[in-house]
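Look at the structure below before reading on. The report goes through it place by place.

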Amino acid sequence: MPGWCRDRRRRWGTCTVIVECGCQHAIGLSGVVRGLPEAELLGDARILEVCTDSRRVRPGALFCAVPGTRRDGRGYAAEAVAAGASALLVQRFVDLPVAQVRVPAVRPAVGPVAAELHGNPAGDLAIAAVTGTNGKTTAVHLIEAALAAGGLRTGLSSTVESRLPGWRSPASLTTPDAVDLQRLLCRMRTAGVQAAVLEVSSHAIDQHRIDPVRAEVTVFTNLSPEHLDYHGTVEQYFATKAALFTPERCRRAVVNIDDPWGRRLAAQARVPTVTVGRSPRADVRVEEVGSTFDGLRVVFREGGAPVALTVPAAIGGRHATGLAAAYAAARVLGAPKSAAVDGLSAALPPGRFQRVDVGQPFLAVVDFAHTPTAVADLIATARRISRGRVHLVVGCAGHRDRFSRPDVGRAALAADTAVFTADDPGEEDPAEITAQVLTGTIGFSGGEFAVEHDRRAAIAAAVERAGPGDVVLVAGRGHERYQAINGVRRPFDDVEVVTAALAAAGWAGPPVQRRGRTCG
Ligand SMILES: CC(=O)N[C@H]1[C@@H](OP(=O)(O)OP(=O)(O)OC[C@H]2O[C@@H](n3ccc(=O)[nH]c3=O)[C@H](O)[C@@H]2O)O[C@H](CO)[C@@H](O)[C@@H]1O[C@H](C)C(=O)N[C@@H](C)C(=O)N[C@H](CCC(=O)O)C(=O)O
Ligand SMILES: Nc1ncnc2c1ncn2[C@@H]1O[C@H](COP(=O)(O)OP(=O)(O)OP(=O)(O)O)[C@@H](O)[C@H]1O
C-alpha cells in the first residue's frame with residue numbers, strides 16, 4: 001500500500017507505520033535528506049520518525065545528534081542506536097553500526113528532515129507566524145479567531161496550547177521543537193486545517209525550530225529587552241527576531257511601527273510589509289481607542305475606510321495595536337473585513353487581562369505580564385480605567401531573565417500598592433529572586449510595597465486592601481495552572497486563587513467564567 005500523508009500527490013513507498021500525526025509514512029534516508037545539499041551519506045536506512053532526544057528514540061528513528069546549549073547530543077548516539085535508531089544525523093561520523101548522514105550543522109537540519117518525512121506539511125497550510133516581546137500569544141489567538149470567523153478551518157500553536165479542530169494539547173514551550181512542530185503541522189494538514197497561526201519565540205528562531213517553514217505572513221508586535229541571558233545584547237535579540245522577516249521565512253509581513261524596533265524592522269524588511277500603529281504613516285492606522293471597565297472600542301483606518309470594533313474582553317489601549325496587527329494579518333491571509341472584525345471582537349486568550357468577577361465593586365485582573373514593559377503597561381492601563389487605587393501582586397520566575405528582575409521591581413512602583421511574591425521560582429530560592437527584584441526599587445520613590453513569599457497570601461493581601469473603584473492586578477502567571485517551588489510543581493491557578501480570596505473577603509456573586517474554555 002503506498003504511504004500517504006493526506007497529500008495524495010506524493011508516493012513514499014511502502015507504508016509501515018501510523019504515527020501520532022495521523023499520517024502513514026516510511027522514507028529512505030536519502031529521501032529524508034534531499035533538501036540538504038551538503039549532506040554526505042554513509043549507508044541507507046528506512047526512516048519512520050525523526051528524534052533529537054535519545055530518551056524518546058523508537059525503532060526506525062533517525063536520531064539527530066544536536067550540539068545543544070548544555071549537552072552534546074553526539075554523546076547520546078550509542079544510546080539512541082541501542083534504542084533502535086536506524087540512522088544518525090551528525091556533524092562528524094561516529095563509529096556505530098548504523099547508516100549516517102553528515103551535515104555541517106545538525107540543528108538547522110532537523111526541521112528540514114522532519115518536514116521531508118512528513119511531506120512538507122507547511123506547504124499545504126497558510127501560515128501566520130507571530131513574534132515580538134509582548135503580545136505574541138494574544139495576537140496568535142486573535143488572528144486565529146479572525147480567520148475562523150472568515151470560514152477557514154484553523155489551527156494554532158501558542159504558549160497556552162496547540163490546537164486544531166477535535167484536538168488540543170497544553171504547550172510546554174512557546175514554540176514546539178522542530179520535530180514536534182512538523183508533526184503538529186502534519187496533524188493539522190491531516191485534519192484538513194487550511195490556516196495555522198504559530199507563536200514564534202526568539203529561542204525558536206535561534207534554534208531553527210521554525211525551519212524550513214515559510215510563512216504567508218509574519219507579524220511583529222514590539223520589542224523590549226528580554227532573554228538577554230540567552231541572546232547577550234538587545235541588538236542580537238532584535239537581529240534574531242528580524243531573521244523571521246526575510247524572504248526565506250515569509251512572503252509578507254505585518255509590523256507595528258509605533259515601536260522603535262518595529263520602525264527599524266519595517267525599514268529594513270525585504271518582503272512586502274503592512275505597517276500598523278497610531279502613526280499617521282501606518283497602513284492600518286489606529287485612530288480612536290476608548291477603554292472602559294466594559295471593554296475596548298477601537299477604530300482603524302485601512303486605506304480610506306474606517307473599521308470599528310468593540311472588544312468586550314479587552315481592556316487597555318495597548319491591545320489596540322495588537323488588534324490592528326491581528327486584523328492586518330487576517331486580511332493578508334484573505335479574511336473578509338467583516339469576518340475579521342467579528343472574530344477579533346470575541347477572542348482573547350486566557351490569562352490576558354482576564355477579569356475575575358464575583359460581584360465585588362472593584363476590578364480584579366489576572367494577567368501574564370512578566371516583562372518590565374508589560375508590567376508597566378498593565379499598571380498604566382489599570383490607572384487609566386481605575387476610579388481609585390491600583391494594587392499589584394507581582395514576582396519573577398526562576399531560571400530566566402535574571403537581568404530583568406530589578407526592572408520589574410522598578411516598574412511595580414507605579415502601582416499604589418505592590419506585594420512582591422513568588423512567581424514560579426522552580427529550583428531557585430524565592431527570597432533571593434525577590435531580593436533581586438527589590439534592588440530595582442532602591443533610590444526610587446513610588447507606592448507602598450510589601451513582601452509576601454506565599455503567593456496565595458499575597459493575593460489575599462491585595463484583595464483585602466481593595467476598595468470600590470480600585471483595580472487589583474495579579475501579574476505574571478496568567479493562564480498557567482501550576483507553581484514550582486523547591487523543584488516541586490503544585491497546582492496553582494491565579495484565577496481560582498483570586499476567586500477564593502474575593503469570596504473569603506466577603507464578596508459574593510455568580511461564579512467566574514474561564515475565558516479559556518470558550519475561545520476556539
Ligand atoms: C535553553 C534552551 O532553549 N534549550 C532548548 C534546546 O535544548 P538544547 O538542544 O540546548 O538541549 P541540551 O540539553 O543542550 O541537549 C542537547 C541535545 O542532547 C539531547 N539529549 C540530552 C540528554 C539525553 O539524555 N539524551 C539526549 O539525546 C537533547 O534532546 C538535545 O537534542 O533545544 C530544545 C529543542 O528545540 C528545546 O526543547 C530546549 O528548550 C528548553 C526545554 C527550554 O526550557 N527552553 C526555553 C528557555 C525556551 O525555549 N523558551 C522559549 C520562549 C520563552 C519566552 O518567550 O518566554 C520557548 O520557545 O518556549
Ligand atoms: N499588542 C500588545 N502590546 C503590548 N502588550 C501586550 C499586547 N498584547 C498583549 N499584551 C500584554 O503583554 C503581556 C504578555 O501577553 P502575551 O502572553 O500575549 O505575550 P507573549 O509575547 O506571548 O508573552 P511570552 O513571550 O511570555 O509568551 C500581557 O500583559 C498582555 O496583556
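## Ligand 1

A polar contact is a pair of N or O atoms within 3.5 Å. With that in hand, turn to ligand 1. The model is predicted. A polar side-chain atom of S54 lies 2.8 Å from a nitrogen atom of ligand 1. For R55, the distance from a polar side-chain atom to a ligand oxygen is 3.3 Å. For Q207, the distance is 2.8 Å.

Which residues come nearest to ligand 1? There are 23 residues around ligand 1, and T69, R70, T174, S201 and R209 come nearest.

## The annotated binding site

An unreviewed UniProt entry carries the annotation "binding site". According to that record, the annotation covers S54, T174, T175, S201, Q207 and R209. These positions are spread over 156 residues of sequence. They are spread in space too, with up to 24.7 Å between C-alpha atoms.

Where is Q207 found? Q207 is in the loop between α6 (202-206) and β13 (215-220). The cut-off for buried is under 20% relative accessible area. Q207 has 13%, so Q207 is buried. Beyond its neighbours up to four places away in sequence, Q207 touches T69, R107 and Y230.

R209 also has its place in the loop between α6 and β13. Buried or exposed? R209 is buried, with a relative accessible area of 10%. Leaving aside neighbours within four places in sequence, R209 is in contact with L173, T175, P176, D177, A178, L181, S201, H203 and A204. Take T175 from that list: its backbone oxygen lies 2.8 Å from a polar atom of the R209 side chain.

## Ligand 2

How many residues surround ligand 2? There are 19, and the closest are K136, T137, T138, R352 and D367.

For T137, the distance is 2.5 Å. For H370, it is 2.9 Å. For T159, an N or O atom of the side chain is 3.0 Å from a ligand oxygen.

## Aromatic pairs

The structure holds five aromatic pairs. One of them joins F362 and W507. The partners come from distant parts of the chain, 145 residues apart. F362 is in the loop between β19 (354-355) and β20 (363-367), while W507 is in the segment after α16 (494-504). F362 is buried, at 3% relative accessibility. W507 is partly exposed, at 29%.

F420 and F449 form another pair. Why does this pair count as edge-to-face? The ring centres are 5.5 Å apart and the planes stand at 75°, so the pair is edge-to-face. F420 lies in strand β22 (residues 417-420) and F449 in strand β23 (residues 448-451), so the pair ties together parts that are 29 residues apart in sequence. F420 is buried, with a relative accessible area of 1%. F449 is partly exposed, at 40%.

## Charges over a ring

Now look at Y482. The charged end of R477 sits over the ring of Y482, 4.9 Å from its centre. The charged end of R489 sits over the ring of Y482 as well, 3.6 Å from its centre.

Q182 lies in helix α5 (residues 178-190). Q182 is buried, with a relative accessible area of 1%. What does Q182 touch, leaving aside its neighbours within four places in sequence? Q182 is in contact with G111, A114, A115, H118, P121, D211, P212 and V213.

Helix α8 spans residues 234-242. Its buried residues are Y237, F238, T240, K241 and A242. An α-helix has 3.6 residues a turn, so residues three or four places apart point the same way. Keep that in mind when you look along the helix. What covers the buried residues of α8? The cover includes β8 (126-131), α4 (136-149), α6, α7 (228-231) and α9 (260-268).

Methods: Residues numbered from 1 in each chain as written. Chains lettered and ligands numbered in written order. Predicted model: local features only at pLDDT ≥ 70, side-chain atom pairs only at ≥ 80, totals over all residues. Heavy atoms only, no water. UniProt positions renumbered as here; feature names shortened; annotations may be inferred. Helix = DSSP H or I, 4+ residues; strand = E, 2+ residues; numbered from the N terminus. Buried < 20%, exposed > 50% of the residue type's maximum accessible area, 1.4 Å probe, protein only. Contact = heavy atoms within 4.5 Å. Polar contact = N/O pair within 3.5 Å; in protein donor to acceptor, adjacent residues only side chain to side chain. Phe/Tyr/Trp six-rings, centres within 6.5 Å; stacked < 30°, edge-to-face > 60°. Lys NZ or Arg CZ within 6 Å of the ring centre and 35° of its normal. Near = heavy atom within 4 Å.
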